[in-house]
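Biologist: Let us go through this model together. I will ask what the labels rest on, and you show me the values.

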Amino acid sequence: MYAMASSVSKQIREMLIYEIAPKFTDTPLDVQRKTWEVMGAKTVLPERIKVEPVTAGGVPAEWVFSSESASDRVILYLHGGGQVMGSCNTHRGLASELALAASVRVLLIDYRLAPENPPPSGLEDAIAAYRWLFSQGIDNGRIVIAGDSAGGGLSISTFVALRDAGDPLPAAGVLLSPMVDWAIVGESVTSRAQYDPMLTKQSLNDAATWLCGDQDPKTPYISPLYAELHGLPPLYIVVGTDEILLSDSTRLTERVAMAGGGVSLEVWPDMWHVFQFFASVLPEGKQSLEKIGAFIRKNFVCHNNTDSH
């Protein structure tokens, strides 16, 4: 199905191992945050992309879109970073690539981060932004919630919380290398450690400490792998073989399927955590986003064939 890893991917892997990862290893949280913000500020967006700041239900956010973006179809995007770092600034590039791939607007939110704002602060912000979209006249069948890493886990928590509250659910969900188990007990944490160019168990443990504090890491709204997962919208999960969070994706897929949900898992060989981050230069990242765009467009169409609101 896939060709051998591209030469570009090998160059990026070297950069991750020797230049990027060391900046986030055994480093205080405030330093990691600043480092990522500086890197994010250097991102060059595609020429067609426009960015407009907005407040979405009290949550700072940005519209990211192009002239080809359908005005009534939206991806609500929840950025990664362990729910302890990351922002619109760090993820504007990825949001831009998604907007182009799916021909929709992306609402990228700056949800509150732990440890200053412990769970469920970020979840509350995601729900507020989703409900705000309704106030803007956007039907739930025209909304997809997407996220990477911890933002992927937060996306699942958002689906569960919306379901529990009786809210109409979005058309679909897209999860890029989701982190859904803050107990960090997946077998790939050990079995894929030698292949992962970015993450280590120690880096996950540090993030878990900052995020969970005194809360049980298996709290369902924090680690949605332990939630009741029935009644969710169709999910598309993408992960790489070379990441220690591979088991989060495989276990989540199994649990959603067991609960009767529609879920598709795509595992990319020789790829690392959220490889789509490099889609502007990485062939595999671009191909993955094209598939994600097709999934999103398909589920908008399918959902709109029914009474969705």
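Biologist: How many cavities of 30 Å³ or more does a search of the whole structure find?

Modeller: One. Bear in mind that this is a predicted model. The largest cavity has a volume of about 30 Å³.

Biologist: What makes a space a cavity and not a pocket?

Modeller: In a cavity a 1.4 Å probe fits but cannot get out, while a pocket is an open set of points. The lining of the largest cavity is formed by Gln83, Arg112, Ala114, Asn117, Pro118, Pro119, Ser121, Gly122 and Leu211.

Biologist: How does the lining of the largest cavity divide by class?

Modeller: Into four nonpolar, four polar and one charged. Arg counts as charged and Gly as polar.

Biologist: Now the largest pocket. How much space lies in it?

Modeller: About 1200 Å³. Its lining has 46 residues, and Ile20, Trp36, Met39, Met198 and Phe277 are the closest to the centre. Helices H1 (7-20), H2 (29-41), H3 (88-102) and H7 (201-212) each give two or more residues to that lining.

Biologist: Which element gives the most to the lining of the largest pocket?

Modeller: H7, with six residues. By class, the pocket lining has 25 nonpolar, 17 polar and four charged residues.

Biologist: Let us turn to helix packing. Why are H4 and H5 called roughly perpendicular?

Modeller: Look at the angle. The axes of H4 (residues 121-135) and H5 (residues 150-165) cross at roughly 65° and come within 10 Å. Angles of 65 to 115 degrees count as roughly perpendicular. H4 and H5 are therefore given that label. The crossing of H4 past H5 is right-handed.

Biologist: What makes you say that H4 and H5 meet?

Modeller: Contact means heavy atoms within 4.5 Å. On the H4 side, Gly122, Leu123, Ala126, Ile127, Tyr130 and Arg131 take part. On the H5 side they meet Leu154, Ser157, Thr158, Ala161, Leu162 and Ala165. The contact has eight nonpolar, three polar and one charged residues.

Biologist: Which residues of H2 and H3 meet?

Modeller: Trp36, Glu37, Gly40 and Ala41 in H2 meet Asn89, Thr90 and His91 in H3. Two nonpolar, four polar and one charged residues make up this contact.

Biologist: Now the backbone. How do you know that the bond from alanine 114 to proline 115 is cis?

Modeller: By omega, which is near 0° there. Proline 115 sits in the loop between strand E4 (104-109) and H4.

Biologist: What is omega for the bond that joins proline 119 and proline 120?

Modeller: About 10°, and this peptide bond is cis as well. Proline 120 also lies in the loop between E4 and H4. Ala114 and Pro119 are among the residues that line the largest cavity.

Biologist: What is the phi of aspartate 26?

Modeller: Near 55°. That is a positive value in a residue other than glycine. Aspartate 26 belongs to the loop between H1 and H2.

Methods: Residues are numbered from 1 along each chain as its sequence is written. This is a predicted model: local features need pLDDT of at least 70, side-chain atom pairs count only at pLDDT 80 or more; totals for chains, interfaces and linings use all residues. Side-chain values use heavy atoms; hydrogens and water are left out. On a 1 Å grid over the protein atoms alone, a cavity is a set of points where a 1.4 Å probe fits but cannot get out, and a pocket is an open set with protein on both sides within 12 Å along at least five of seven lines; lining residues have an atom within 4 Å of a point. Grid points are joined across faces, edges and corners, and a volume is the space filled by probe spheres set on the points. Helices (H or I, at least four residues) and strands (E, at least two) are DSSP runs, numbered from the N terminus. Axes are lines fitted to C-alpha atoms, for helices over the stretch in contact, and angles run from 0 to 180 degrees between N-to-C directions. Angles under 35 degrees count as roughly parallel, over 145 as roughly antiparallel, 65 to 115 as roughly perpendicular and the rest as oblique. A crossing is left-handed if the near helix is turned anticlockwise from the far one by less than a right angle, and right-handed if clockwise.
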